[in-house]
Amino acid sequence: MTDTIKRGTRLSGSEREQLADELSKGYAEGKSIRALAEETGRSYGFVHRLLSENDVTLRSRGGATRGRSRQA
């Protein structure tokens, strides 16, 4: 993946498109938004926004849900 970019650095044009493509591929491979954010040195919100801007269908939340388990 692209070398870590300093957090807060503005990305525009081809750099932003390239990063968006790389993030989209990583997300499609099953990586989490948090993992992608850590790899690129960007925030969770930035990665989420970039994926959304590129019309990536985001997965639903995983893991344990709040509240008691429902047993039938």
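**Entry 1: Glu53 and Arg16**

I started with a salt bridge in this predicted model: the side chains of Glu53 and Arg16 meet, with N to O at 3.1 Å. I then checked where the two partners sit. Glu53 belongs to helix α3, residues 44-53, while Arg16 belongs to helix α1, residues 13-28. They are 37 residues apart, so I noted the pair as a link between distant parts of the chain.

Besides Glu53 with Arg16, I found Lys31 with Glu39, where the closest N and O atoms are 3.2 Å apart. Lys31 is partly exposed at 31%, and Glu39 is partly exposed at 32%.

**Entry 2: the overall layout**

I stepped back to the whole chain. It has three helices and zero strands, and along the sequence I read the pattern α-α-α. Of its 72 residues, 26% count as buried. I also looked at contacts with a separation of 6 or more: 58% of them join residues 24 or more positions apart.

**Entry 3: helix α1**

Does the length of α1 agree or disagree with what its residue count predicts? I took its 16 residues at 1.5 Å a residue, which should span 22 Å. The end C-alpha atoms are 23 Å apart, so the two values agree.

Next I listed what is buried in α1: Leu19, Ala20, Glu22, Leu23, Ser24, Gly26 and Tyr27. I made a note of Glu22, a glutamate in that buried list. What do the buried residues pack against? I found α2, residues 33-40, and α3. After α1 comes Gly30, and I noted its positive phi, near 110°.

**Entry 4: helix α2**

I reminded myself of the background: an α-helix has 3.6 residues a turn, so residues three or four places apart point the same way.

**Entry 5: rings and charges**

I looked for aromatic pairs and the count came to zero. Charges over rings did turn up, though. The charged end of Arg34 sits over the ring of Tyr44, 4.5 Å from the ring centre.

Which ring does the charged end of Arg59 sit over? I found the ring of Tyr27, with its centre 3.9 Å away. Tyr27 was also in my list of buried residues of α1.

Note on methods. Residues numbered from 1 in each chain as written. Predicted model: local features only at pLDDT ≥ 70, side-chain atom pairs only at ≥ 80, totals over all residues. Heavy atoms only, no water. Salt bridge = Lys/Arg side-chain N within 4 Å of Asp/Glu carboxyl O. Helix = DSSP H or I, 4+ residues; strand = E, 2+ residues; numbered from the N terminus. Buried < 20%, exposed > 50% of the residue type's maximum accessible area, 1.4 Å probe, protein only. Expected span 1.5 Å × (residues − 1). Contact = heavy atoms within 4.5 Å. Phe/Tyr/Trp six-rings, centres within 6.5 Å; stacked < 30°, edge-to-face > 60°. Lys NZ or Arg CZ within 6 Å of the ring centre and 35° of its normal.
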